[in-house]
Amino acid sequence: MPGDPVLTTSTTPAPASPPVYPNGPLSPISRAHAVSSGMVAPLQSPSDLWERIRSGFAMPDLQNELVTDREQWYASRPDYMQRMTERSSKYLFHIVEELERRNMPTELALLPYIESAFNPQAVSSAKAAGMWQFMPATGKYFDLKQNAFRDDRRDVLASTRAALDYLQKLHGMFGDWHLALAAYNWGQGSVGRAIARNKKDGLGTSYTELRMPDETRLYVPKLQAVKNIVANPQAFRAELPLIENHPYFQQVLITRDIDVALAAKLADVQLADFKALNPSAHRPVIIASGTPQILLPWDNAKIFQRNFEAYTQGQYASWTAWTAPATLSVSDAAKRVGMSEADLRGVNNIPPRMLIKAGSTLLVPRTAKMGDDVAGHIADTAQVAFAPEVVTRRSTVKARKGETVATIAKRHGLSAASVAEWNDVSANAAFKLGQQVVMFLPVRANTARKAAPVRSNIKAIKRSPGKTVIQSKKR
């Protein structure tokens, strides 16, 4: 095969290497170090993944009443533990592989149990997302793309890479895994300041000695409790589901934009299972130029490739990207792309009373005439931005001496074309001194809310896309 080494024979035997004997006392090495260094090859692979995780435990144990409390909490909820561990079976092998490759403690494979219960779609009240719970800014720092078509904080491979990068960085900063975990939860600056305060006060600087929020105080005890249950499930009357020591998924390249539902169908995978492996694709279509590979269960990868190549029932994707050429109302944008306003709002999560700002990229139906997939620069940078609809009230102002349409428009921050239209004059017309000029001026939202219940002679009407005009009712 191409790339295989070329074997040659020789009649001259190679000189034998002298034997090497150990010098000094022998010291044990961890399995993780043995695997990553390549010095030792195990005679037999662990029977299941739990055994492999246990053999790689390398963090110091924490023993206190908080750990005991969390052990009891998890042990008293067997249904919750069962759901959580079964959900993790899709991801654990990959995480353990990455930890061993980096020579990191395999306890860290259990951290998503604490962060998200291994739910890659989890979103916290603080907007942290994914099974490793990255905040938006931290995610961007670790190259997790977040745009209109994907959120890599939810991506299985990308988020795991970023989380382990972050944990390695924190361990390098603090030299202690418990402090690194505290920083992962609380922030490296907060842990650094807590250490500095204790040093100033002549106190210890270990995890248990620092002053920290309750959430962080419980963070490592939670992980220790799960570690203890995994280490000895019988002691807690816990039952761990069998997780084979074998990859659950593999990457499959895609060359065309494809609907999520179609991709799952071609792979012969339930839609929910497909989304669980590809959680960063939070839209109904996967853009190939931005997400060139998908994850599929090991045995379904070849099924997908065969069905993808044989697919002849039309386009792979029924959606595409459309960039708003100007700031538009939702109704105007819907007309331009041939959708109902409700459908455009629904598929793009557009909130009420908002305009679509110019340059926003929306998901819209793809017609049969569209042969090209979404370009790479759009897939990587697409964003959606909104602006509040402007509420205006009809008013009149007196023209000053020598005032024109242009000067009065500039004075009030309006366009000359609008002022000319409202007063039925040309755009270069001049006004007489004291002439009443019709204007539609913005109303502050709080003023409009206060005025509405009192002034019953006011009604709101639509004047132009994105603008609401307030006029007097006819009596």
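Helices here are DSSP runs of H or I with at least four residues, strands are runs of E with at least two, and both are numbered from the N terminus.

## Where Thr 291 sits

With that in hand, Thr 291 is found in the loop between strand E3 (285–286) and strand E4 (293–297). At 15% relative accessibility, Thr 291 counts as buried, since buried means under 20% relative accessible area, exposed over 50% and partly exposed in between, with a 1.4 Å probe and protein chains only. Setting aside residues up to four places away in sequence, Thr 291 touches Arg 150, Ile 254 and Ile 286; contact here means heavy atoms within 4.5 Å.

## The model as a whole

This is a predicted model, in which local features need pLDDT of at least 70 and side-chain atom pairs count only at pLDDT 80 or more, while totals for chains, interfaces and linings use all residues. Residues are numbered from 1 along each chain as its sequence is written, and side-chain values use heavy atoms, with hydrogens and water left out.

The chain has 20 helices and twelve strands. Of its 475 residues, 42% are buried. Take the contacts in the chain with a separation of 6 or more: residues 24 or more positions apart account for 67% of them.

## Two nonpolar cores

A nonpolar core is a set of buried Ala, Val, Leu, Ile, Met, Phe, Trp, Tyr and Cys residues joined through side-chain atoms within 4.5 Å. The largest one has 65 residues, and those with the most contacts inside it are Leu 92, Tyr 113, Trp 132, Phe 134, Leu 167, Leu 181 and Tyr 184. Helix H8 (residues 156–174) gives the most to this core, putting in ten residues. Apart from it lies another core, of 23 residues, among them Leu 328, Leu 344, Ile 350 and Ile 356.

What does Leu 181 contact, once its neighbours within four places in sequence are left aside? The list runs to Met 59, Leu 108, Leu 111, Leu 167, Tyr 219, Val 220 and Leu 223.

## Two helix pairs

Helix H3 (residues 65–75) and helix H4 (residues 78–88) pack at an angle of about 85°, with their axes 6 Å apart. That makes H3 roughly perpendicular to H4. Axes are lines fitted to C-alpha atoms, for helices over the stretch in contact, and angles run from 0 to 180 degrees between N-to-C directions. Angles under 35 degrees count as roughly parallel, over 145 as roughly antiparallel, 65 to 115 as roughly perpendicular and the rest as oblique. On the H3 side Trp 73, Tyr 74 and Ala 75 meet Pro 78, Tyr 80, Met 81 and Met 84 in H4. By class, the contact of H3 with H4 has seven nonpolar, no polar and no charged residues. For these classes, Ala, Val, Leu, Ile, Met, Phe, Trp, Tyr, Cys and Pro count as nonpolar, Asp, Glu, Lys and Arg as charged, and the others, Gly among them, as polar.

Then there's helix H9 (residues 177–186) with helix H10 (residues 188–200), packed at an angle of about 125° with axes 7 Å apart. That makes H9 oblique to H10. H9 brings Leu 179, Ala 182, Ala 183 and Trp 186 to the contact, and H10 brings Gln 188, Ser 190, Val 191, Ala 194, Ile 195 and Arg 197. The residues of the contact of H9 with H10 divide into seven nonpolar, two polar and one charged.

## Aromatic rings

Rings of Phe, Tyr and Trp (its six-membered ring) pair if their centres lie within 6.5 Å; planes under 30 degrees apart count as stacked, over 60 as edge-to-face and the rest as tilted. By this rule the count comes to 13 aromatic pairs. Phe 134 and Phe 142 form a tilted pair, 6.4 Å centre to centre with 55° between the planes, and both Phe 134 and Phe 142 are buried. Tyr 141 and Phe 142 pair edge-to-face, at 5.0 Å centre to centre and 75° between the planes. Tyr 141 counts as exposed at 56% relative accessibility, while Phe 142 is buried at 8%. Ring pairs link Phe 134, Tyr 141, Phe 142, Tyr 166 and Tyr 184 into a cluster.

## Positive phi in two loops

Most residues other than glycine have a negative phi. Asp 143, not a glycine, has a positive phi of about 60°. Asp 143 is found in the loop between helix H7 (136–141) and H8, and is exposed with a relative accessible area of 58%. Asp 424 has a positive phi of about 55°, lies in the loop between helix H19 (416–423) and strand E10 (436–442), and counts as exposed at 72% relative accessibility.
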